[in-house]
Amino acid sequence: ALEDDPDDREAAWGLFLHGSRAETLRAVRAAEEWQPFIALGQQILTWDPHNTTVLANLGIALFSANQHHAAEEQLRGAVDAAEAQGATAQLLEAREYLGRTLMALGRYDEAEQVLAKNSALWDDAGEERRYYRGCPFQALGELYDKTGRPEQATEAFLRAAHFDMAGPSSA
C-alpha cells in the first residue's frame, strides 16, 4: 500500500507498529533505498512523537542506512522514551540497535555496557520479552567476537541459539 500511496497513514502505521522486522525490511528493499522509510518514520513522529515503536524503528532504519551518528541520537531518544513509558519490548529493541550502532562507530566499551544492560533486562523481562523481535545475546556475542573474547562470544552465541530454537519466551 505504501508503494502506491506514500501518504497512506494506515499503511504507514501498519508497517511501523505491526510489521515484523522481515516485513519491514522487505518493504524497504522493494523501494531500493532507506530514505523513503526514514522520511516516513519522521512523518509519523510528527503525528505521534512519543510512540516508542516508531522511535525505535526509525533508529533501526537509520542504522541500516549506515547513518550511524543519526541512528545513535534517535536510538538514545527511543531508549529514554521506552524507559519512561515502561515499554520493555521497545526498550530491548532500541538498546540492541544502540549497541550495534556503537559497535559500528568503534565504541566497543560503551556498546558492551548497553548490550549487557539489555541482557540483564531480558533475564528480568518475563512475558514482556515475547514482544521483542530480536535476541540480545546475538549482538553481545558479535561484540565479544570483535573484541577478541572467544569464550564469552561462544557463551553468548549458544544462548542466542537456544533462544532461536526454543522461541522468545525461553532462553
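Guide: Glu112 has a relative accessible area of 21%, so Glu112 counts as partly exposed. The scale calls a residue buried under 20% relative accessible area, exposed over 50% and partly exposed in between (1.4 Å probe, protein chains only). This is a predicted model, in which local features need pLDDT of at least 70 and side-chain atom pairs count only at pLDDT 80 or more, while totals for chains, interfaces and linings use all residues. Residues are numbered from 1 along each chain as its sequence is written, and side-chain values use heavy atoms, with hydrogens and water left out.

Visitor: With which residue does Glu112 form a salt bridge?

Guide: Side chains of opposite charge can pair when their charged atoms come close. The rule asks for a side-chain nitrogen of Lys or Arg within 4 Å of a carboxyl oxygen of Asp or Glu. Here the partner of Glu112 is Arg149, and their closest N and O atoms are 3.0 Å apart. Arg149 is in the loop between helix 8 (136–146) and helix 9 (150–166), Glu112 is in helix 7, and the pair links distant parts of the chain, 37 residues apart. Arg149 is also partly exposed, at 23% relative accessibility.

Visitor: How are helices assigned, and how many helices and strands does the protein chain have?

Guide: Both are DSSP runs numbered from the N terminus: helices are H or I over at least four residues, strands are E over at least two. The protein chain has 9 helices and 0 strands. Read from the N terminus, the order of elements is α-α-α-α-α-α-α-α-α.

Visitor: How many salt bridges are there by the rule?

Guide: The count is 8 salt bridges. One of them joins Arg107 to Glu72, with 2.7 Å between the closest N and O atoms. Glu72 belongs to helix 5 (residues 68–85) and Arg107 to the loop between helix 6 and helix 7 (108–125), so this pair ties together parts 35 residues apart in sequence. Arg107 is partly exposed at 28% relative accessibility, whereas Glu72 is buried at 11%.

Visitor: Which other residue pairs with Arg107?

Guide: Arg107 also forms a salt bridge with Glu110, whose closest approach, N to O, is 3.0 Å. Glu110 is partly exposed, with a relative accessible area of 26%. A network of salt bridges links Glu72, Arg76, Arg107 and Glu110.

Visitor: Now the packing of helices. At what angle do helix 4 and helix 6 cross?

Guide: Each axis is a line fitted to C-alpha atoms, for helices over the stretch in contact, and the angle between N-to-C directions runs from 0 to 180 degrees. Helix 4 (residues 52–64) and helix 6 (residues 88–104) cross at roughly 20°, with axes that come within 9 Å. The two are therefore roughly parallel; angles under 35 degrees count as roughly parallel, over 145 as roughly antiparallel, 65 to 115 as roughly perpendicular and the rest as oblique. From helix 4, Thr52, Thr53, Ala56, Ile60 and Phe63 take part in the contact (heavy atoms within 4.5 Å), and helix 6 supplies Gln90, Glu93, Ala94, Tyr97, Arg100, Thr101 and Ala104. By class there are 6 nonpolar, 4 polar and 2 charged residues. Ala, Val, Leu, Ile, Met, Phe, Trp, Tyr, Cys and Pro are nonpolar, Asp, Glu, Lys and Arg charged, and the others, Gly among them, polar.

Visitor: Are helix 3 and helix 4 roughly parallel or roughly antiparallel?

Guide: The axes of helix 3 (residues 35–47) and helix 4 cross at roughly 160° and come within 9 Å, so the two helices are roughly antiparallel. Phe37, Ile38, Gly41, Gln42, Ile44 and Leu45 of helix 3 meet Val54, Leu55, Asn57, Leu58, Ala61 and Leu62 of helix 4. This contact has 9 nonpolar residues, 3 polar and no charged.

Visitor: What follows helix 4, and what is the phi of Asn66?

Guide: Asn66 lies in the loop between helix 4 and helix 5. Its phi is near 60°, a positive value in a residue other than glycine. Asn66 is exposed, with 58% relative accessible area. In helix 5, His68 is buried at 16%. Beyond four places in sequence, His68 contacts Phe63, Thr101, Ala104 and Leu105.
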